[in-house]
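Here's a quick briefing to read with the model open in your viewer. Have a look at the fold, then work through the notes below.

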Amino acid sequence: MKEPVLVIMAAGLGSRYGGLKQMDPISDKGEIILDFSLYDAILSGFKKVIFVIKKEMEEDFKKLIEGKSGKYIETAYAYQELDDLPKGFAVPSGRVKPWGTCHAVLACRNLIDGPFAVINADDYYGTGAFAVIYDYLSKAQDGESYDYSMVSYNLENTLTENGFVARGVCAETEDKYLAEIHERTKIMWKDGEIAYTEDDGKTFVTVPRGTPVSMNFWGFTESFMKELEKRFPKFLEKALTEDPLKAEFYLPMAVEELLEEGKARVRMLKTRDKWYGVTYHEDKEDVVNALQALKDKGIYPPKLWL
């Protein structure tokens, strides 16, 4: 079995944070959320990481890695560029938006020849999440169907106190495989319960605590890359006709297609970890406090990289 590789999608960091030099530290040692993910990944067994970035980010991004986490894990870089398209396709005039997370993963197609996990660079996933997916990928083998996986979180462990968020609410089969994902774009705490609205707050539907959600932490075998290479041109044919400036091809879309076709199964790997991200400006203080509390408990050392 080949060693699992970690893919970290970071091409959007510059635009979200106004440039990498302005990426906010999340600890008193100057660490950012990405440092915690890399620490957890290394501790769980990952030996190689591929960062998907934009070419113009490379110099600044490497300063975040070299001399820190880069001393403890093999690193490689893939570049998500707007004009990296299949033969016969061209970037439509006026398009500046990237082509989505499937396109980001495809940027790694010449660097991956085995199982791999995928995460976002600016989300905190927790130590248990990396452990369960590394263990699963170490044994994953395609058989009659592709053998994929996804870390699922209890919904209440992913919400902010500061407003609506979007979440992929999952349904699972009796044998703990993913059945489907329902995208709820406005879900929140409301009067001590969790609820979502689809009519701008006129009515709400409650969702039980413990409901599993996807936070874009996926595990794939090499077959997924080959499927993306086949499916991306089909996506482009439709996108360039219907929404040439904004359409994006997301990982859950590709996974759902494969589930519907009966070509893949996705094992739900549950974690009790809390997920943290900075959806709202007010979330930053909560994340800072939460990660410091984990250091205080001894889950992380006072300084991650020596």
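Two rings of Phe, Tyr or Trp (for Trp, the six-membered ring) count as a pair here if their centres lie within 6.5 Å. Keep in mind that this is a predicted model. With that cut-off, searching the whole structure turns up 23 aromatic pairs.

**Aromatic rings and charges**

- One aromatic cluster brings together Phe-36, Tyr-39, Tyr-72, Tyr-124, Tyr-276, Tyr-300 and Trp-305.
- Trp-99 has the charged end of Arg-95 sitting over its ring, 3.8 Å from the centre.

**Helix H6**

- H6 runs over residues 223-242, which makes 20 residues.
- From first C-alpha to last, H6 reaches 29 Å, close to the 28 Å expected at 1.5 Å a residue.
- Where does H6 bend? The bend is at Arg-231, by about 30°, and Pro-233 follows within four residues.
- Arg-231 and Pro-233 are both among the buried residues of H6, a list that also includes Phe-224, Met-225, Leu-228, Phe-232, Phe-235 and Leu-236.
- An α-helix has 3.6 residues a turn, so residues three or four places apart point the same way.
- The cover over the buried residues of H6 includes helices H4 (101-106) and H7 (251-260), along with strands S4 (116-120), S6 (146-154) and S11 (212-220).

**Thr-271**

- You'll find Thr-271 in strand S12, which spans residues 264-271.
- Is Thr-271 buried or exposed? Thr-271 counts as buried, because its relative accessibility is 7%, and the cut-off for buried is under 20%.
- Not counting residues up to four places away in sequence, Thr-271 touches Gly-128, Ala-129, Val-151, Ser-152, Tyr-153 and Asn-154.
- A polar atom of the Thr-271 side chain also lies 3.0 Å from the backbone nitrogen of Asp-273.

**Lys-47**

- Lys-47 is in the loop between helix H2 (33-44) and strand S2 (48-53).
- Lys-47 counts as partly exposed, because its relative accessibility is 49% and exposed would take over 50%.
- Lys-47 and Val-5 are 42 residues apart along the chain, and 7.1 Å separates their C-alpha atoms.
- Beyond its neighbours within four places in sequence, Lys-47 is in contact with Glu-3, Ile-73, Glu-74 and Tyr-134.
- The Lys-47 side chain has a polar atom 3.3 Å from the backbone oxygen of Gly-45.

Key
Residues are numbered from 1 along each chain as its sequence is written. This is a predicted model: local features need pLDDT of at least 70, side-chain atom pairs count only at pLDDT 80 or more; totals for chains, interfaces and linings use all residues. Side-chain values use heavy atoms; hydrogens and water are left out. Rings of Phe, Tyr and Trp (its six-membered ring) pair if their centres lie within 6.5 Å; planes under 30 degrees apart count as stacked, over 60 as edge-to-face and the rest as tilted. A charge sits over a ring if NZ of Lys or CZ of Arg is within 6 Å of the ring centre and within 35 degrees of the ring normal. Helices (H or I, at least four residues) and strands (E, at least two) are DSSP runs, numbered from the N terminus. Buried means under 20% relative accessible area, exposed over 50%, partly exposed in between (1.4 Å probe, protein chains only). A polar contact is a pair of N or O atoms within 3.5 Å; within protein, one must be able to donate a hydrogen and the other to accept it, and residues adjacent in sequence count only if both atoms are side-chain atoms. Contact means heavy atoms within 4.5 Å. The expected span of a helix is 1.5 Å times one less than its number of residues. The bend at a residue is the angle between axes fitted to the seven residues ending there and the seven starting there.
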